[in-house]
Amino acid sequence: MLPVIALVGRPNVGKSTLFNRLTKSRDALVANLPGLTRDRQYGQAKLKGQPFIIIDTGGIAGDEEGIDDLMAKQSLQAVEEADIVLFLVDARSGMTAADEYVAEQLRRQQKPVILVVNKVDGVHADAALAEYYSFGYQTILPLAAEHGRGVSTLVDTVLESLDLEQVEQDEQTIEELQAQGLKLAVVGRPNVGKSTLINRFLGEERVVVFDMPGTTRDSIYIEMERRGKPYTLIDTAGVRRRGKVKEAVEKFSVLKTLQAISDANVVIMVMDAREPITDQDLSLISHIIEAGRSMVIAINKWDGMTEEDRDDVKMEIDRRLGFVDFARVHFISALHGSNVGHLWDSVDEAWKSALVEMTSSKLTRLLEQAYDRHQPHAVKGRRIKLRYAHPGGHNPPIIVIHGKQVSKLQESYKRYLINFFRKKLNLIGTPIRLETKEGD
Ligand code: GDP
Ligand code: GDP
(Lines give C-alpha, C1' and ligand atoms only; values in the text may rest on other atoms or scores of the structure.)
(Ligands and ions follow the chains in the order given, each with its own letter.)
Protein backbone atom coordinates (compact mmCIF):
# COMPACT_ATOMS: atom_id res chain seq x y z
CA MET A 1 0.00 0.00 0.00
CA LEU A 2 1.25 3.46 -0.84
CA PRO A 3 1.51 5.88 2.06
CA VAL A 4 -1.11 8.63 1.95
CA ILE A 5 -0.50 12.32 2.68
CA ALA A 6 -3.47 14.64 3.29
CA LEU A 7 -3.15 18.38 2.81
CA VAL A 8 -5.42 20.16 5.25
CA GLY A 9 -6.06 23.78 6.12
CA ARG A 10 -8.50 26.60 5.68
CA PRO A 11 -9.11 27.86 2.14
CA ASN A 12 -6.42 29.92 0.41
CA VAL A 13 -3.40 28.86 2.46
CA GLY A 14 -1.76 27.21 -0.55
CA LYS A 15 -2.89 23.57 -0.44
CA SER A 16 -3.46 23.31 -4.20
CA THR A 17 -0.18 25.05 -4.90
CA LEU A 18 1.66 22.50 -2.78
CA PHE A 19 -0.40 19.66 -4.26
CA ASN A 20 0.60 20.70 -7.77
CA ARG A 21 4.21 21.03 -6.82
CA LEU A 22 4.35 17.59 -5.20
CA THR A 23 2.39 15.74 -7.86
CA LYS A 24 3.56 17.76 -10.86
CA SER A 25 2.17 15.48 -13.44
CA ARG A 26 4.92 13.24 -14.65
CA ASP A 27 3.15 12.29 -17.81
CA ALA A 28 2.88 14.95 -20.45
CA LEU A 29 0.41 12.74 -22.24
CA VAL A 30 -2.02 13.29 -19.43
CA ALA A 31 -1.05 16.82 -18.51
CA ASN A 32 -1.76 18.13 -21.98
CA LEU A 33 -5.18 16.60 -22.28
CA PRO A 34 -7.50 19.21 -23.62
CA GLY A 35 -10.83 19.39 -21.90
CA LEU A 36 -10.06 17.01 -19.08
CA THR A 37 -10.90 18.36 -15.69
CA ARG A 38 -8.25 16.69 -13.63
CA ASP A 39 -9.12 15.06 -10.41
CA ARG A 40 -7.59 17.66 -8.14
CA GLN A 41 -8.32 15.82 -4.98
CA TYR A 42 -6.16 12.78 -5.45
CA GLY A 43 -2.72 12.69 -6.98
CA GLN A 44 0.29 10.46 -7.24
CA ALA A 45 3.74 11.64 -6.39
CA LYS A 46 7.20 10.20 -6.21
CA LEU A 47 9.09 12.04 -3.51
CA LYS A 48 12.80 11.25 -3.29
CA GLY A 49 12.13 7.88 -4.82
CA GLN A 50 9.18 6.97 -2.59
CA PRO A 51 5.75 6.84 -4.24
CA PHE A 52 2.85 8.47 -2.39
CA ILE A 53 -0.80 9.25 -2.81
CA ILE A 54 -1.61 12.85 -1.99
CA ILE A 55 -5.07 14.09 -1.10
CA ASP A 56 -5.79 17.78 -1.52
CA THR A 57 -8.74 18.46 0.74
CA GLY A 58 -11.25 21.13 -0.09
CA GLY A 59 -10.57 23.12 3.03
CA ILE A 60 -12.09 23.56 6.43
CA ALA A 61 -13.08 27.04 7.54
CA GLY A 62 -15.24 26.46 10.59
CA ASP A 63 -18.26 28.34 9.27
CA GLU A 64 -19.48 25.75 6.84
CA GLU A 65 -22.94 25.61 5.41
CA GLY A 66 -24.34 23.47 2.64
CA ILE A 67 -21.76 22.60 0.05
CA ASP A 68 -18.91 23.88 2.21
CA ASP A 69 -20.06 21.66 4.99
CA LEU A 70 -19.89 18.71 2.65
CA MET A 71 -16.37 19.67 1.68
CA ALA A 72 -15.34 19.97 5.29
CA LYS A 73 -16.70 16.48 5.96
CA GLN A 74 -14.73 15.15 3.02
CA SER A 75 -11.62 16.84 4.32
CA LEU A 76 -12.02 15.07 7.62
CA GLN A 77 -12.55 11.79 5.85
CA ALA A 78 -9.33 12.40 3.92
CA VAL A 79 -7.60 12.85 7.24
CA GLU A 80 -8.95 9.51 8.37
CA GLU A 81 -7.60 7.85 5.24
CA ALA A 82 -4.17 9.47 5.55
CA ASP A 83 -1.01 8.20 7.15
CA ILE A 84 0.23 11.71 7.76
CA VAL A 85 -1.35 15.17 7.66
CA LEU A 86 0.24 18.36 6.46
CA PHE A 87 -1.63 21.16 8.18
CA LEU A 88 -1.05 24.34 6.20
CA VAL A 89 -1.35 27.87 7.54
CA ASP A 90 -0.56 31.23 5.96
CA ALA A 91 2.45 33.22 7.18
CA ARG A 92 1.15 36.40 5.58
CA SER A 93 -2.23 36.54 7.19
CA GLY A 94 -1.11 35.18 10.51
CA MET A 95 -3.19 32.88 12.67
CA THR A 96 -6.95 33.05 12.24
CA ALA A 97 -9.95 31.58 14.01
CA ALA A 98 -10.32 29.16 11.11
CA ASP A 99 -6.79 27.84 11.72
CA GLU A 100 -7.68 27.22 15.34
CA TYR A 101 -10.81 25.43 14.29
CA VAL A 102 -8.81 23.15 11.97
CA ALA A 103 -6.30 22.44 14.74
CA GLU A 104 -9.15 21.48 17.00
CA GLN A 105 -10.59 19.09 14.41
CA LEU A 106 -7.19 17.50 13.88
CA ARG A 107 -6.60 17.02 17.58
CA ARG A 108 -9.51 14.60 17.66
CA GLN A 109 -8.08 12.40 14.97
CA GLN A 110 -4.80 11.24 16.49
CA LYS A 111 -2.84 11.33 13.25
CA PRO A 112 0.75 12.44 12.87
CA VAL A 113 0.61 16.10 11.85
CA ILE A 114 3.27 18.41 10.48
CA LEU A 115 2.38 22.07 10.76
CA VAL A 116 3.48 23.87 7.62
CA VAL A 117 3.67 27.66 7.61
CA ASN A 118 3.34 28.59 3.95
CA LYS A 119 4.06 31.82 2.07
CA VAL A 120 7.15 32.68 4.11
CA ASP A 121 8.59 34.43 1.07
CA GLY A 122 9.02 38.11 1.91
CA VAL A 123 8.12 37.77 5.58
CA HIS A 124 10.27 37.14 8.61
CA ALA A 125 10.06 33.35 8.80
CA ASP A 126 11.03 32.91 12.45
CA ALA A 127 8.45 35.42 13.58
CA ALA A 128 5.83 33.83 11.38
CA LEU A 129 6.53 30.41 12.86
CA ALA A 130 6.67 31.60 16.46
CA GLU A 131 3.01 32.48 16.39
CA TYR A 132 2.07 28.86 15.88
CA TYR A 133 4.06 27.24 18.66
CA SER A 134 0.99 27.51 20.84
CA PHE A 135 -0.66 24.78 18.75
CA GLY A 136 1.81 22.42 20.40
CA TYR A 137 3.04 20.55 17.36
CA GLN A 138 6.43 18.95 17.51
CA THR A 139 7.27 19.80 13.96
CA ILE A 140 6.71 23.21 12.40
CA LEU A 141 8.22 23.91 9.01
CA PRO A 142 8.43 27.05 6.89
CA LEU A 143 7.43 26.78 3.23
CA ALA A 144 7.03 28.86 0.12
CA ALA A 145 5.07 26.41 -1.97
CA GLU A 146 4.79 28.76 -4.89
CA HIS A 147 8.55 29.10 -5.17
CA GLY A 148 9.42 25.57 -4.10
CA ARG A 149 11.36 26.71 -1.07
CA GLY A 150 11.25 24.34 1.87
CA VAL A 151 9.72 21.51 -0.14
CA SER A 152 12.80 19.30 0.06
CA THR A 153 13.00 19.63 3.86
CA LEU A 154 9.28 18.99 4.08
CA VAL A 155 9.64 15.78 2.08
CA ASP A 156 12.58 14.66 4.24
CA THR A 157 10.50 15.25 7.35
CA VAL A 158 7.55 13.29 5.96
CA LEU A 159 9.80 10.36 5.06
CA GLU A 160 11.39 10.46 8.48
CA SER A 161 8.06 10.67 10.32
CA LEU A 162 6.76 7.65 8.45
CA ASP A 163 10.03 5.80 8.93
CA LEU A 164 10.47 5.39 5.21
CA GLU A 165 13.73 4.74 3.52
CA GLN A 166 14.97 7.48 1.29
CA VAL A 167 16.83 5.13 -0.97
CA GLU A 168 15.70 4.62 -4.51
CA GLN A 169 14.16 1.17 -4.70
CA ASP A 170 16.02 -1.27 -6.85
CA GLU A 171 14.16 -1.91 -10.06
CA GLN A 172 12.91 -5.42 -10.34
CA THR A 173 14.24 -7.34 -13.27
CA ILE A 174 12.00 -8.61 -16.03
CA GLU A 175 12.57 -12.16 -14.81
CA GLU A 176 11.56 -11.28 -11.27
CA LEU A 177 8.43 -9.54 -12.46
CA GLN A 178 7.48 -12.43 -14.71
CA ALA A 179 8.00 -14.95 -11.94
CA GLN A 180 5.58 -13.14 -9.65
CA GLY A 181 2.65 -13.59 -11.99
CA LEU A 182 0.38 -10.89 -13.21
CA LYS A 183 -1.59 -8.68 -10.85
CA LEU A 184 -4.76 -7.57 -12.57
CA ALA A 185 -6.93 -4.78 -11.14
CA VAL A 186 -10.53 -4.34 -12.24
CA VAL A 187 -11.54 -0.70 -11.78
CA GLY A 188 -14.33 1.65 -12.79
CA ARG A 189 -17.16 3.73 -11.42
CA PRO A 190 -19.90 2.09 -9.38
CA ASN A 191 -22.41 -0.01 -11.29
CA VAL A 192 -20.45 -0.37 -14.49
CA GLY A 193 -20.28 -4.13 -13.96
CA LYS A 194 -17.00 -4.82 -12.16
CA SER A 195 -18.51 -7.40 -9.81
CA THR A 196 -20.33 -9.11 -12.62
CA LEU A 197 -17.11 -9.28 -14.62
CA ILE A 198 -15.11 -10.68 -11.72
CA ASN A 199 -17.76 -13.28 -11.03
CA ARG A 200 -17.62 -14.16 -14.70
CA PHE A 201 -13.83 -14.58 -14.45
CA LEU A 202 -14.19 -16.75 -11.37
CA GLY A 203 -17.09 -18.71 -12.76
CA GLU A 204 -15.23 -19.81 -15.84
CA GLU A 205 -14.57 -23.49 -15.71
CA ARG A 206 -10.92 -23.20 -16.50
CA VAL A 207 -10.38 -20.94 -13.54
CA VAL A 208 -9.20 -22.27 -10.21
CA VAL A 209 -9.57 -19.94 -7.26
CA PHE A 210 -7.11 -20.59 -4.50
CA ASP A 211 -7.87 -18.31 -1.65
CA MET A 212 -9.26 -14.91 -0.90
CA PRO A 213 -7.50 -12.93 1.77
CA GLY A 214 -8.15 -9.24 2.23
CA THR A 215 -8.92 -6.66 4.84
CA THR A 216 -12.03 -4.57 5.09
CA ARG A 217 -10.68 -1.25 3.92
CA ASP A 218 -8.66 -2.47 1.02
CA SER A 219 -9.33 -4.23 -2.24
CA ILE A 220 -9.67 -7.98 -2.13
CA TYR A 221 -6.88 -10.04 -3.64
CA ILE A 222 -7.97 -13.23 -5.35
CA GLU A 223 -5.45 -15.78 -6.53
CA MET A 224 -6.57 -17.57 -9.64
CA GLU A 225 -5.22 -19.60 -12.46
CA ARG A 226 -6.22 -19.47 -16.07
CA ARG A 227 -4.88 -21.79 -18.73
CA GLY A 228 -2.16 -22.88 -16.33
CA LYS A 229 -0.99 -19.35 -15.64
CA PRO A 230 -1.22 -17.66 -12.22
CA TYR A 231 -2.97 -14.32 -11.85
CA THR A 232 -3.91 -12.19 -8.87
CA LEU A 233 -7.19 -10.37 -9.33
CA ILE A 234 -7.42 -7.11 -7.44
CA ASP A 235 -11.09 -6.65 -6.77
CA THR A 236 -11.99 -3.04 -6.00
CA ALA A 237 -15.71 -3.82 -6.02
CA GLY A 238 -15.61 -6.12 -3.03
CA VAL A 239 -17.27 -9.07 -4.73
CA ARG A 240 -15.86 -11.69 -2.46
CA ARG A 241 -16.54 -9.72 0.64
CA ARG A 242 -20.18 -9.38 -0.25
CA GLY A 243 -20.42 -13.09 -0.76
CA LYS A 244 -23.25 -14.56 -2.75
CA VAL A 245 -25.90 -12.22 -1.53
CA LYS A 246 -25.32 -8.83 -2.97
CA GLU A 247 -25.71 -6.26 -0.27
CA ALA A 248 -25.81 -2.52 -0.71
CA VAL A 249 -23.19 -1.40 -3.20
CA GLU A 250 -19.96 -0.57 -1.46
CA LYS A 251 -19.08 3.04 -1.30
CA PHE A 252 -16.85 3.92 -4.19
CA SER A 253 -13.45 4.92 -2.94
CA VAL A 254 -10.99 6.76 -5.16
CA LEU A 255 -8.23 6.01 -2.70
CA LYS A 256 -8.90 2.29 -2.80
CA THR A 257 -8.94 2.40 -6.59
CA LEU A 258 -5.66 4.32 -6.71
CA GLN A 259 -4.03 1.84 -4.37
CA ALA A 260 -5.25 -1.00 -6.57
CA ILE A 261 -3.92 0.67 -9.71
CA SER A 262 -0.58 1.29 -8.10
CA ASP A 263 -0.24 -2.32 -6.99
CA ALA A 264 -1.39 -3.84 -10.29
CA ASN A 265 0.60 -4.71 -13.38
CA VAL A 266 -2.33 -4.45 -15.73
CA VAL A 267 -5.63 -2.63 -15.16
CA ILE A 268 -8.96 -3.44 -16.75
CA MET A 269 -10.83 -0.15 -16.93
CA VAL A 270 -14.54 -0.97 -17.06
CA MET A 271 -17.08 1.50 -18.45
CA ASP A 272 -20.81 1.29 -19.03
CA ALA A 273 -21.84 1.47 -22.69
CA ARG A 274 -25.21 2.78 -21.65
CA GLU A 275 -23.87 5.78 -19.79
CA PRO A 276 -21.99 8.75 -21.19
CA ILE A 277 -18.24 8.87 -20.54
CA THR A 278 -17.83 10.98 -17.42
CA ASP A 279 -15.00 13.09 -16.04
CA GLN A 280 -14.55 10.46 -13.39
CA ASP A 281 -13.90 7.85 -16.09
CA LEU A 282 -11.32 10.12 -17.71
CA SER A 283 -9.77 10.89 -14.38
CA LEU A 284 -9.37 7.19 -13.57
CA ILE A 285 -7.78 6.60 -16.97
CA SER A 286 -5.34 9.43 -16.44
CA HIS A 287 -4.43 8.02 -13.04
CA ILE A 288 -3.68 4.67 -14.69
CA ILE A 289 -1.42 6.35 -17.25
CA GLU A 290 0.33 8.42 -14.60
CA ALA A 291 0.98 5.32 -12.57
CA GLY A 292 2.54 3.85 -15.70
CA ARG A 293 0.25 0.85 -15.70
CA SER A 294 -0.79 -1.19 -18.68
CA MET A 295 -4.46 -0.94 -19.50
CA VAL A 296 -7.26 -2.71 -21.29
CA ILE A 297 -10.57 -0.93 -21.71
CA ALA A 298 -13.79 -2.92 -21.35
CA ILE A 299 -16.98 -1.26 -22.57
CA ASN A 300 -19.55 -3.32 -20.73
CA LYS A 301 -23.29 -4.00 -21.14
CA TRP A 302 -22.92 -4.30 -24.91
CA ASP A 303 -25.76 -6.83 -24.93
CA GLY A 304 -29.16 -5.75 -26.12
CA MET A 305 -28.06 -2.44 -27.60
CA THR A 306 -29.29 -1.24 -30.99
CA GLU A 307 -26.82 -0.83 -33.84
CA GLU A 308 -27.48 2.87 -33.79
CA ASP A 309 -26.64 3.17 -30.10
CA ARG A 310 -23.53 1.10 -30.63
CA ASP A 311 -22.35 3.44 -33.37
CA ASP A 312 -22.89 6.39 -31.08
CA VAL A 313 -20.84 4.77 -28.34
CA LYS A 314 -18.00 4.03 -30.75
CA MET A 315 -17.99 7.61 -31.97
CA GLU A 316 -17.92 8.91 -28.43
CA ILE A 317 -14.96 6.66 -27.65
CA ASP A 318 -13.03 7.88 -30.69
CA ARG A 319 -13.75 11.45 -29.74
CA ARG A 320 -12.93 11.31 -26.05
CA LEU A 321 -10.54 8.43 -25.55
CA GLY A 322 -8.11 9.33 -28.32
CA PHE A 323 -5.42 9.96 -25.71
CA VAL A 324 -5.38 6.31 -24.72
CA ASP A 325 -5.32 4.92 -28.22
CA PHE A 326 -2.49 2.61 -27.11
CA ALA A 327 -4.99 0.55 -25.10
CA ARG A 328 -7.20 -2.11 -26.65
CA VAL A 329 -10.91 -1.50 -26.35
CA HIS A 330 -13.29 -4.46 -26.02
CA PHE A 331 -17.05 -4.35 -26.20
CA ILE A 332 -18.23 -6.96 -23.77
CA SER A 333 -21.15 -8.29 -21.85
CA ALA A 334 -20.03 -9.37 -18.41
CA LEU A 335 -23.54 -10.62 -17.82
CA HIS A 336 -23.57 -13.00 -20.79
CA GLY A 337 -19.84 -13.51 -21.13
CA SER A 338 -19.52 -12.30 -24.68
CA ASN A 339 -16.06 -11.15 -25.68
CA VAL A 340 -14.70 -11.67 -22.17
CA GLY A 341 -12.14 -14.18 -23.46
CA HIS A 342 -10.63 -11.54 -25.71
CA LEU A 343 -10.05 -9.35 -22.68
CA TRP A 344 -7.62 -11.92 -21.35
CA ASP A 345 -5.68 -11.97 -24.60
CA SER A 346 -5.26 -8.22 -24.40
CA VAL A 347 -4.29 -8.40 -20.73
CA ASP A 348 -1.50 -10.84 -21.56
CA GLU A 349 -0.46 -8.77 -24.55
CA ALA A 350 -0.32 -5.57 -22.46
CA TRP A 351 1.81 -7.23 -19.80
CA LYS A 352 4.17 -8.58 -22.44
CA SER A 353 4.52 -5.07 -23.84
CA ALA A 354 5.22 -3.64 -20.40
CA LEU A 355 8.12 -6.07 -19.99
CA VAL A 356 9.55 -5.76 -23.49
CA GLU A 357 13.29 -6.22 -23.77
CA MET A 358 14.83 -3.25 -25.54
CA THR A 359 18.46 -2.82 -26.53
CA SER A 360 20.37 0.41 -26.88
CA SER A 361 21.40 -0.39 -30.43
CA LYS A 362 17.85 -0.98 -31.55
CA LEU A 363 16.49 2.08 -29.78
CA THR A 364 19.26 4.23 -31.25
CA ARG A 365 18.56 2.89 -34.73
CA LEU A 366 14.87 3.67 -34.34
CA LEU A 367 15.70 7.13 -32.99
CA GLU A 368 17.78 7.82 -36.08
CA GLN A 369 14.95 6.68 -38.33
CA ALA A 370 12.46 8.84 -36.50
CA TYR A 371 14.81 11.82 -36.69
CA ASP A 372 15.44 11.35 -40.41
CA ARG A 373 11.76 11.40 -41.10
CA HIS A 374 10.94 14.39 -39.04
CA GLN A 375 13.24 16.79 -37.19
CA PRO A 376 12.37 18.76 -34.08
CA HIS A 377 12.03 22.53 -34.29
CA ALA A 378 15.08 24.59 -33.44
CA VAL A 379 15.14 26.41 -30.11
CA LYS A 380 16.22 30.05 -30.42
CA GLY A 381 17.82 29.30 -33.74
CA ARG A 382 19.82 26.36 -32.43
CA ARG A 383 19.16 22.87 -33.66
CA ILE A 384 18.14 20.16 -31.24
CA LYS A 385 20.36 17.15 -31.84
CA LEU A 386 19.34 13.65 -30.84
CA ARG A 387 22.34 11.41 -30.39
CA TYR A 388 21.37 8.03 -29.02
CA ALA A 389 18.81 6.19 -26.92
CA HIS A 390 18.90 3.44 -24.35
CA PRO A 391 16.40 1.57 -22.21
CA GLY A 392 15.80 3.10 -18.78
CA GLY A 393 13.43 0.57 -17.23
CA HIS A 394 10.33 -1.51 -17.71
CA ASN A 395 6.76 -1.70 -16.49
CA PRO A 396 6.31 0.75 -18.09
CA PRO A 397 9.06 0.80 -20.69
CA ILE A 398 11.26 3.87 -20.29
CA ILE A 399 13.31 5.18 -23.20
CA VAL A 400 16.11 7.61 -22.41
CA ILE A 401 17.21 9.95 -25.18
CA HIS A 402 20.55 11.72 -25.14
CA GLY A 403 21.43 14.72 -27.21
CA LYS A 404 22.01 18.43 -27.42
CA GLN A 405 19.20 20.63 -26.15
CA VAL A 406 16.96 17.55 -25.80
CA SER A 407 15.39 18.89 -22.63
CA LYS A 408 13.83 21.55 -24.85
CA LEU A 409 12.03 19.07 -27.10
CA GLN A 410 8.45 20.09 -27.73
CA GLU A 411 5.73 17.89 -26.26
CA SER A 412 4.37 17.30 -29.75
CA TYR A 413 7.74 15.95 -30.87
CA LYS A 414 7.98 13.73 -27.83
CA ARG A 415 4.56 12.35 -28.67
CA TYR A 416 5.74 11.75 -32.21
CA LEU A 417 8.75 9.83 -30.91
CA ILE A 418 6.66 7.79 -28.49
CA ASN A 419 4.26 6.86 -31.25
CA PHE A 420 7.14 5.95 -33.53
CA PHE A 421 8.75 3.68 -30.92
CA ARG A 422 5.36 2.23 -30.07
CA LYS A 423 4.69 1.25 -33.66
CA LYS A 424 8.13 -0.13 -34.40
CA LEU A 425 8.37 -2.08 -31.15
CA ASN A 426 4.74 -3.15 -31.38
CA LEU A 427 3.92 -2.09 -27.82
CA ILE A 428 0.21 -2.37 -27.20
CA GLY A 429 -1.54 -1.61 -23.94
CA THR A 430 1.35 -0.09 -22.02
CA PRO A 431 2.22 3.57 -21.59
CA ILE A 432 5.76 4.48 -22.69
CA ARG A 433 7.88 7.00 -20.81
CA LEU A 434 10.37 9.18 -22.58
CA GLU A 435 13.21 10.75 -20.62
CA THR A 436 15.80 13.14 -21.94
CA LYS A 437 19.43 13.60 -20.94
CA GLU A 438 21.47 16.59 -21.98
CA GLY A 439 24.81 16.01 -23.72
CA ASP A 440 26.54 12.74 -24.56
P1 GDP B 1 -5.82 26.57 -1.26
O2 GDP B 1 -7.18 27.20 -1.26
O3 GDP B 1 -5.38 26.27 0.13
O4 GDP B 1 -5.73 25.38 -2.16
O5 GDP B 1 -4.79 27.69 -1.76
P6 GDP B 1 -4.14 27.90 -3.22
O7 GDP B 1 -3.07 26.90 -3.47
O8 GDP B 1 -5.21 28.04 -4.21
O9 GDP B 1 -3.38 29.28 -2.97
C10 GDP B 1 -4.07 30.46 -2.59
C11 GDP B 1 -3.27 31.67 -3.04
O12 GDP B 1 -2.02 31.73 -2.36
C13 GDP B 1 -2.93 31.64 -4.51
O14 GDP B 1 -3.10 32.92 -5.05
C15 GDP B 1 -1.48 31.22 -4.54
O16 GDP B 1 -0.80 31.75 -5.67
C17 GDP B 1 -0.94 31.85 -3.27
N18 GDP B 1 0.22 31.12 -2.75
C19 GDP B 1 0.36 29.79 -2.63
N20 GDP B 1 1.60 29.48 -2.14
C21 GDP B 1 2.23 30.65 -1.97
C22 GDP B 1 3.55 31.00 -1.50
O23 GDP B 1 4.39 30.16 -1.18
N24 GDP B 1 3.84 32.33 -1.44
C25 GDP B 1 2.94 33.29 -1.82
N26 GDP B 1 3.32 34.55 -1.72
N27 GDP B 1 1.73 32.99 -2.28
C28 GDP B 1 1.36 31.69 -2.36
P1 GDP C 1 -20.12 -2.77 -10.01
O2 GDP C 1 -20.72 -1.80 -9.05
O3 GDP C 1 -19.20 -2.08 -10.98
O4 GDP C 1 -19.48 -3.94 -9.37
O5 GDP C 1 -21.34 -3.28 -10.94
P6 GDP C 1 -22.19 -4.64 -10.86
O7 GDP C 1 -21.38 -5.78 -11.37
O8 GDP C 1 -22.73 -4.76 -9.50
O9 GDP C 1 -23.32 -4.35 -11.92
C10 GDP C 1 -24.24 -3.29 -11.77
C11 GDP C 1 -25.53 -3.64 -12.50
O12 GDP C 1 -25.28 -3.77 -13.89
C13 GDP C 1 -26.12 -4.96 -12.03
O14 GDP C 1 -27.51 -4.83 -12.02
C15 GDP C 1 -25.68 -5.93 -13.13
O16 GDP C 1 -26.57 -7.01 -13.28
C17 GDP C 1 -25.69 -5.05 -14.36
N18 GDP C 1 -24.76 -5.54 -15.37
C19 GDP C 1 -23.46 -5.86 -15.17
N20 GDP C 1 -22.90 -6.29 -16.35
C21 GDP C 1 -23.88 -6.23 -17.28
C22 GDP C 1 -23.91 -6.54 -18.67
O23 GDP C 1 -22.95 -6.97 -19.29
N24 GDP C 1 -25.09 -6.33 -19.32
C25 GDP C 1 -26.19 -5.86 -18.66
N26 GDP C 1 -27.29 -5.69 -19.40
N27 GDP C 1 -26.19 -5.56 -17.36
C28 GDP C 1 -25.04 -5.74 -16.66
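**Ligand 2.** I looked up which element gives the shell around ligand 2 its largest share, and found helix α8 (residues 194-203), with 3 residues. Helices here are DSSP runs of H or I with at least four residues, strands are runs of E with at least two, and both are numbered from the N terminus. The model is predicted, so local features need pLDDT of at least 70 and side-chain atom pairs count only at pLDDT 80 or more, while totals for chains, interfaces and linings use all residues. Residues are numbered from 1 along each chain as its sequence is written, chains are lettered from A, and ligands are numbered from 1 in the order in which they are written.

I then listed the shell of ligand 2, which holds 16 residues, the closest being Gly 193, Lys 194, Ser 195, Thr 196 and Leu 335. A residue is near a molecule or strand if its C-beta atom, placed from the backbone, lies within 6 Å of it. By class I noted 6 nonpolar, 7 polar and 3 charged residues around ligand 2. Ala, Val, Leu, Ile, Met, Phe, Trp, Tyr, Cys and Pro count as nonpolar, Asp, Glu, Lys and Arg as charged, and the others, Gly among them, as polar.

**Ligand 1.** I found 16 residues around ligand 1, with Gly 14, Lys 15, Ser 16, Thr 17 and Glu 146 the closest. Helix α1 (residues 15-23) gives the largest share of this shell, 3 residues. The shell of ligand 1 has 4 nonpolar, 8 polar and 4 charged residues.

**A sheet.** I traced an open sheet of 3 strands in the order β14-β15-β16, with mixed pairing; two strands pair if DSSP finds at least two bridges between them. β14 (385-393) and β16 (433-438) are at the edges with a single partner strand each, so one side of each has no neighbour in the sheet. From one strand to the next the twist averages 25 degrees. Angles run from 0 to 180 degrees between N-to-C directions, and axes are lines fitted to C-alpha atoms, for helices over the stretch in contact. β14 and β15 (residues 398-404) run antiparallel and are joined by 7 bridges. I saw Pro 391 opposite Ile 399 in β15.

**Domains.** I read off domain 1 (4-162), domain 2 (175-355) and domain 3 (360-438), with bounds from an automatic or database domain assignment. Domain 2 gives 16 residues and domain 3 gives 11 residues to their contact, where contact means C-beta atoms, placed from the backbone, within 7 Å. On the domain 2 side, α13 supplies the largest share, 5 residues.

How values were computed
Two residues are in contact if their C-beta atoms, placed from the backbone, lie within 7 Å.
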